[in-house]
Amino acid sequence: MVGFVVVSHSHNLAESVVELTRMMADGVPIIGAGGLEDGSFGTSFDKISRAIDKIYSEDGIIILVDMGSAVMTAEMVIESMADRTIKIADCPLVEGAIAGTIDSISGLSINEILDNLTEIGSIKKL
Amino acid sequence: MVNQEQVLKIIRKMITVIREQKDFLSDLDNVIGDGDHGINMARGFDEIEKKIPALEGKDIGTVIKTAGMALVSKVGGASGPLYGTAFMKAGGVLAGKSQIDIYDFCNALQSAIDGVMLRGKSTTGEKTMLDAMVPAYQAIKREMEESNDAKKAMEAGVAAAKEGVEYTKKIIATKGRASYLGERSIGHQDPGATSFTILLEAIASMI
């Protein structure tokens, strides 16, 4: 099953996004990597690396990001793990987490899920 | 020529100036960003300081690369990946060298600029560190062609970086958190361009 790492500047925001996905896709490997080691705001290379180590499988990992440095830090982690299948999804954080985990529990591959997640950003709420 | 020992001295100098300017950098960032640039940079350079004992006797490329990795792993804001990439790219150019000259420095700076542009998907004129880095690089190269004097070239680089910081006051931020402010970002200097200038000045003061 494809796993997810939620990268946010805020520890609480990342944990809450993880919590929210349990509503519809309980059992998908998903883990938060929010904030810095000391709990302050920011994105941590070490924290994201550890999160990936914890849930990595051959099916791959999708990283969901909030904004700004989350993207750059995640990119650098991916470059440091060149032999693994890890991708960043280009989508809104909350919607992407819900839709992605449902796709994952339904057995979709990492590329199928990424394609679906790319579409989500273009769906308007109103 | 600058040898490995002098490079470590320059790095210690960088650590000192970043600590001295920590509050100033955070204050700048408070106005148009999230107010943590000084704290983040200081956290990163504290980590570099921890790595220094293990770097005695290592080639200059390894020293600079290790500094970059420390920044990536500890800084926490956008400056972590950006400065981290800059140092790691520069370290790649200087790999295996036990002494470097101004041309090596230019090549390393060029590679650092390319790395920052790629990492940040950015270019000059977007109110970022690149608005200090690129003019500084150009000024150093120009002065070397004219006078072939490394000290003068570094001074020209610092002067150009400072002009770059002034230029960032006049333009709208289109990258990073400050871009959400749009026109309200005008009138304020970019913290990243400022910290680069502070670091370049620290290097120049040791040449």
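**Note on the two-chain model**

1. B:Asn148 lies in the loop between H7 and helix H8 (150–170) of chain B, where helices (H or I, at least four residues) and strands (E, at least two) are DSSP runs numbered from the N terminus. Although B:Asn148 is not a glycine, it has a positive phi of about 55°. With 10 C-beta neighbours inside 10 Å, B:Asn148 counts as exposed; a residue is exposed if 12 or fewer other C-beta atoms, placed from the backbone, lie within 10 Å of its own, buried if 20 or more do, and partly exposed in between.

2. This is a predicted model, in which local features need pLDDT of at least 70 and side-chain atom pairs count only at pLDDT 80 or more, whereas totals for chains, interfaces and linings use all residues. Residues are numbered from 1 along each chain as its sequence is written, and chains are lettered from A and ligands numbered from 1 in the order in which they are written.

3. B:Lys121 is found in the loop between helix H6 (102–120) and helix H7 (130–147) of chain B, and has a positive phi of about 45° without being a glycine. B:Lys121 is exposed, with 10 other C-beta atoms within 10 Å.

4. In chain A, strand E1 (residues 3–8) runs parallel to E2(A) and is joined to it by five bridges, at least two DSSP bridges being needed for two strands to pair. The chain crosses from E1(A) through helix H1 (residues 11–25) to E2(A) in a right-handed β-α-β crossover, that is, with the strands pointing away from the viewer, the path from the first strand over the helix to the second runs clockwise. A:Ser8 stands opposite A:Gly34 in E2(A). Four of the five residues of strand E2 (residues 30–34) of chain A are buried, so this strand is largely enclosed by the rest of the structure.

5. The contact between the chains takes eleven residues from chain A and 13 residues from chain B, two residues being in contact if their C-beta atoms, placed from the backbone, lie within 7 Å. H3(A) gives the most to the side of chain A that touches chain B, with four residues.
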